[in-house]
Amino acid sequence: MRASIKWLQDYVEIKETPEKLADMLTMAGIPVEAVERLGQNISGVVTGKVLEIVPHPDADKLSVCKVDIGAEVVTIVTGATNVRQDNIVPVATVGASLPNGMSIKPTKLRGLLSSGMLCSTEELAIDNKLVSPEARNGIYILPADTEIGIDIRTALGLDDVVLEFELTANRADCFSIIGIAREIAVLTGASLKKPMLNLKEAGTEKANSMTSIQIEDSDLCSRFAARILTNIKVGPSPAWMQHRIQAAGMRPINNVVDVTNFVMLELGQPMHAYDYNLLARHSLIVRKPNPGEKLTTLDGVKRELAPDMLVIADAVQAVGIAGVMGGLATEVTANTQNVLLEAASFKGASIRRTSRALGLRSEASGRFERGVDTANVIKALDRAATLLEDMGACQVCPGIVDTYPEMQLPKQIVFTPKQINSYLGTNIPANAIVDILKRLEFEVDAGPEKITVTVPTWRGDVTLPADICEEIARIYGYHNVPSTTPAGSMLQGKQNYSQNLVDKVKTVLTGSGFSEIISLSFSHPDTFDKLNIPADSRLRQAIEVLNPITDDFPILRTTLLGGVMDTIVRNLSRKNEDLKIYEVGAVYCPETLPLSDLPQEPLMLCGAMLGKRQAMAWNQGRDNVDFFDAKGAVEAILEGLAIAGYSVAIGQNPSLHPGKTAVIQKDGDVLGVIGEVHPAVLDAYAITKKVYVFELHIAALIKHAAIKPDYQSLPKFPAITRDLAVVLPEHIPACEVTAAIITNGGSLLTAVQLFDVYTGQQVTKGFRSLAFSLTFQANDRTLTDIEIDEYYKKIVAALESTFAAKLRE
């Protein structure tokens, strides 16, 4: 946002230097990024009128000009080809200095003395984007009514200082000259002078009989209003207006367009002018685009419109992209006779999404994204109509066509002076608080104990007592707030049990070759579809964020898997195809929606693996990771936390492959899930490799973990190991067989390990061979084969009767 001191002085008296004013505004939360003095490196350049121009007698490409610069007539030799008699041009006189460091001296060119130089925009360091295309080449031709002999800085409005602001998005009111002037008035104690509106409305026909306006989607457009201007005389706008617009970084075009830009910069309300005669049925409708609809915008680019965008259309076609840019077909030209002038209020998120999708940003879209004052729409239309009427450029038809489905009422905030002072740590008197708020144009009703404030419609960022505290503090002066040492009980800083356990988990995974990732706590509803989450799943009950950082992340996540999958996609796109990653973070699970209480925020652990099991090397295999690698990572975690006696069983998860999913449980608690990612999920993320994931509940791990396990002394007597190979149907899980062995193995059985699984020619089809290593050991004696045989036979008998297993020969 750029604001010139001259423009600001139209509304508020400024006695401070620009630098001091910039410091005051910055300390009040309106940060000034830079102070730019226009034309500061230009001296000795004046306006001159070309009285005569003749060819140079000794040079084909040079001309000799007689130029009246007010005080005298000088002779100047130039090579420019666009200069004509009676042109008003910038003349650098002898002794002049230019921004490029050039100093002008009398010079002989092919025998003729040249006493000065005619200047181009480049030589005056004028940005090309601020002047018309025809003025960018050759000598800068000034308007014919420009006074002769005056300083070029005065003629071009370069005798000005511009404050460049770096405003935060919440201060939408300061994206206007009036908004900045209001802040200056509050800080300096000056009075704010608002522009007067005195419309004659000399048009013969009423506006509501000449046009109609309709809003189809009031959620995206809360208000849409228009005025009709007849007998338009399109031409250049006054020099003072052009200077104001150029100082703000915009190029003057014609009086109609310049007025809409001027009002947008002045009041913060974007506007657009349509050629009334080119609008089908002279009507406008705010709607979503029709399927396949396209629009050529003012920049000459034909754009395809997405279904979620918002357009302004006449009875036949779209004539503008709402809040972003108008259409070329209905632009105001020199042939325009009547104009429909519109101002509206659009939903900021919709405009931001449209602007980003089209790669098209404008001064208007930037203001709509931050939010405009809906109540200001009519004032902006009246201001623009007044300016054009005062120029004699039109006749204004009586009345305004205004569609305003749901009127927005000002917000009220109730607080006490004690609350303000307690919050700020100050002792500001109640009357000083009231005075500050009144100077900010808040309506204040100060009672004996409570103060009720009605917030102006342009201050959409003030909604809570805390916002009132901020307003008081920044105007009162942060330097006036006393510095105090915070008081409170001192506690030793240390990690709790849960944090220590999470660190243990991270250590185990890092030792297993995993890398930790951190993704955003925000997500998008499309993630649920990508992860194959059913429509009735509680995971879809996500909390919407009122002010999302971007439109891509409007909700709080309910699962870590979405962020992990996005990270995998990002790595695969960069050819990093062998991954072991994990994330520990909170998910947000509300009891009901909309929220009535704070949501649950359980910690979850989500890990993923894909690609090669080992790094490529001559002595390593080239096998890819599989389900058992993911299971092994989980087992390493459980072992590191001394969690034993858990079960691994076939499970189901909508995001994981049916039949390749396992659930881990202990004492009735679900610790987590392991599995291969569902093919449909892989397709949704455009991943062609198999991905294996695990997701664990940190709370369940904490419940069953034993970071300080019980220690046992080393056994004094040797163990006896027996191998047991049985053949049994394939559908019987190995965990059930292991459980049966443990149940029937007696107290001397200390370990059971599955070391071989075989299917092939030596085993009947539909069956498989499972080989276990059984370890028997006693603490008080050396075991004999006779003792072990008894338990061994009991185990075999149990397997035969329970699973119809047979010993493998």
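**Entry 1: α5 and α6**

I started with how α5 and α6 sit relative to each other: they are oblique, where under 35 degrees counts as roughly parallel, over 145 as roughly antiparallel, 65 to 115 as roughly perpendicular and the rest as oblique. This is a predicted model, in which local features need pLDDT of at least 70 and side-chain atom pairs count only at pLDDT 80 or more, while totals for chains, interfaces and linings use all residues. Residues are numbered from 1 along each chain as its sequence is written, and side-chain values use heavy atoms, with hydrogens and water left out.

The axes of α5 (residues 239-247) and α6 (residues 255-267) come within 10 Å and cross at roughly 55°. The axes are lines fitted to C-alpha atoms, for helices over the stretch in contact, with angles running from 0 to 180 degrees between N-to-C directions. Helices (H or I, at least four residues) and strands (E, at least two) are DSSP runs, numbered from the N terminus. I noted the crossing of α5 and α6 as left-handed; that word applies if the near helix is turned anticlockwise from the far one by less than a right angle, and right-handed applies if clockwise.

Next I listed who touches whom, with contact meaning heavy atoms within 4.5 Å. From α5, Trp-240, Met-241, Gln-242, Arg-244 and Ile-245 meet Asp-258, Val-259 and Phe-262 of α6. I sorted the residues of this contact into five nonpolar, one polar and two charged. For those classes, Ala, Val, Leu, Ile, Met, Phe, Trp, Tyr, Cys and Pro are nonpolar, Asp, Glu, Lys and Arg are charged, and the others, Gly among them, are polar.

I then looked up which residues of α5 are buried: Met-241, His-243, Arg-244, Ile-245, Gln-246 and Ala-247. Buried means under 20% relative accessible area, exposed over 50%, and partly exposed in between (1.4 Å probe, protein chains only). These buried residues pack against β1 (2-4), α1 (5-9), α3 (152-155), β10 (161-165), α6 and α9. Just after α5, I found Gly-249 with a positive phi of about 95°.

**Entry 2: α19 and α20**

The crossing here is right-handed. On the α19 side I have Glu-736, Val-737, Ala-740, Ile-741 and Asn-744, and on the α20 side Tyr-791, Lys-794, Ile-795, Ala-798, Leu-799 and Phe-803. By class, that contact has eight nonpolar, one polar and two charged residues.

**Entry 3: salt bridges**

I counted a salt bridge wherever a side-chain nitrogen of Lys or Arg lies within 4 Å of a carboxyl oxygen of Asp or Glu. The count comes to 41 salt bridges.

I looked at Glu-441 and Arg-182, whose closest N and O atoms are 3.2 Å apart. This pair links distant parts of the chain, 259 residues apart: Glu-441 is in the loop between α11 (430-439) and β24 (443-446), and Arg-182 is in helix α4 (residues 177-188). Glu-441 is partly exposed at 25% relative accessible area, whereas Arg-182 is buried at 8%.

Asp-402 bridges to Arg-223, with 2.6 Å between the closest N and O atoms. Here Asp-402 in strand β22 (residues 401-403) is 179 residues from Arg-223 in strand β12 (residues 221-230). I have Asp-402 as partly exposed at 34% and Arg-223 as buried at 8%.

Arg-227 and Asp-382 also meet in a salt bridge, 2.9 Å from N to O. Arg-227 is in strand β12 and Asp-382 in helix α9 (residues 377-390), 155 residues apart. Arg-227 is buried at 4%, and Asp-382 is buried at 16%. I also noted a network joined by salt bridges that share partners: Arg-171, Asp-173, Glu-183, Arg-459, Asp-461, Glu-471 and Arg-474.

**Entry 4: two single residues**

I checked Thr-93 in strand β6 (residues 88-97). Thr-93 is buried at 19% relative accessible area. Leaving aside neighbours within four places in sequence, Thr-93 is in contact with Gly-44, Val-46, Ile-69 and Ile-104.

Pro-599 lies in the loop between β29 (579-586) and β30 (603-610). I found Pro-599 buried at 15%. Again leaving aside neighbours within four places in sequence, Pro-599 is in contact with Ile-543, Cys-589 and Pro-590.
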